[in-house]
Amino acid sequence: MSPTDNDDGAPEQRVLTALGRANGLHLAERLVAILLRIDMPLRLAELARVPEENRDGFLLAVFDAVIDVWEHDSSRKMAVSLNQNEVLSRATDALRAARQALADLDEECKKVGPLGRGGLVESQFWWNLPKLTAAIEQEMDRFFEWTGEETELPRPRAHRRGRRPGTVENPRFRVFIRKLRHAAKDHGGRLGLQKNTPKGALWEAVTIVAPHLPRGFVPKPLSASTLQRIISGR
């Protein structure tokens, strides 16, 4: 059944309902209206060689991935505005540092092990500490989500200075690429890179969808090696 095959409502609303976004932002409705009127999603389906009977599901997954990008971009712009507040900015920086410190503490707990370094009391301390730090980190993540801040997993100590070698600077781009690949795989298609060639289906898919994403979202220049690092999880 097509995403727009339903007796009730406009096509945009039927797609949003299928995506579980019926009560979403007006931005999502506008994006769906555009996506229903351009050939980009179908070009991706053909490129990924998604079987005809699975294309509706694939198209919905593509719609969802594109909407996520635009909604995050909108949240990011709001966050930039919020960061003009000096007090909020200081609190955000402090929580980022605290989150890294808690990650370091978790590593220390692993080194100490369940037996601890002393008697029963100290062993119980180190045994229960990760549960407490996990709860604190979860609340910190809720803060970052509420303020629209981008968060990455805290880095191990060996990589604390600078960005991890071989990583892509924009974590949301990594998420988007993985969503595209999963959309194809889950519906009988494939978006990958060809060996011994500078490009491939995934590279072509990104160039097709790039004009329909926020300016600057797709890295320039886009190289196959960048995409390969994302696929490899680096």
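This is a predicted model: local features need pLDDT of at least 70, side-chain atom pairs count only at pLDDT 80 or more; totals for chains, interfaces and linings use all residues.
Residues are numbered from 1 along each chain as its sequence is written. Local features need pLDDT of at least 70, side-chain atom pairs count only at pLDDT 80 or more, totals for chains, interfaces and linings use all residues, and side-chain values use heavy atoms, with hydrogens and water left out.

Let's start with the rings. Rings of Phe, Tyr and Trp (its six-membered ring) pair if their centres lie within 6.5 Å; planes under 30 degrees apart count as stacked, over 60 as edge-to-face and the rest as tilted. The count comes to 2 aromatic pairs. Phe-173 and Phe-217 make an edge-to-face pair, with 5.8 Å from centre to centre and 70 degrees between the planes. This pair links distant parts of the chain, 44 residues apart: Phe-173 sits in helix H7 (residues 171-186), and Phe-217 in the loop between helix H8 (201-209) and helix H9 (224-231). Helices here are DSSP runs (H or I, at least four residues), numbered from the N terminus.

Phe-176 and Phe-217 have ring centres 5.9 Å apart and planes at 85 degrees, so this pair is edge-to-face.

The axes of H8 and H9 (lines fitted to C-alpha atoms over the stretch in contact) come within 10 Å and cross at roughly 105 degrees. H8 and H9 are therefore roughly perpendicular (65 to 115 degrees, between N-to-C directions on a scale from 0 to 180 degrees). Leu-202, Trp-203 and Val-206 of H8 meet Ala-224, Leu-227 and Ile-231 of H9, contact meaning heavy atoms within 4.5 Å.

Key. Helices (H or I, at least four residues) and strands (E, at least two) are DSSP runs, numbered from the N terminus. Angles under 35 degrees count as roughly parallel, over 145 as roughly antiparallel, 65 to 115 as roughly perpendicular and the rest as oblique.
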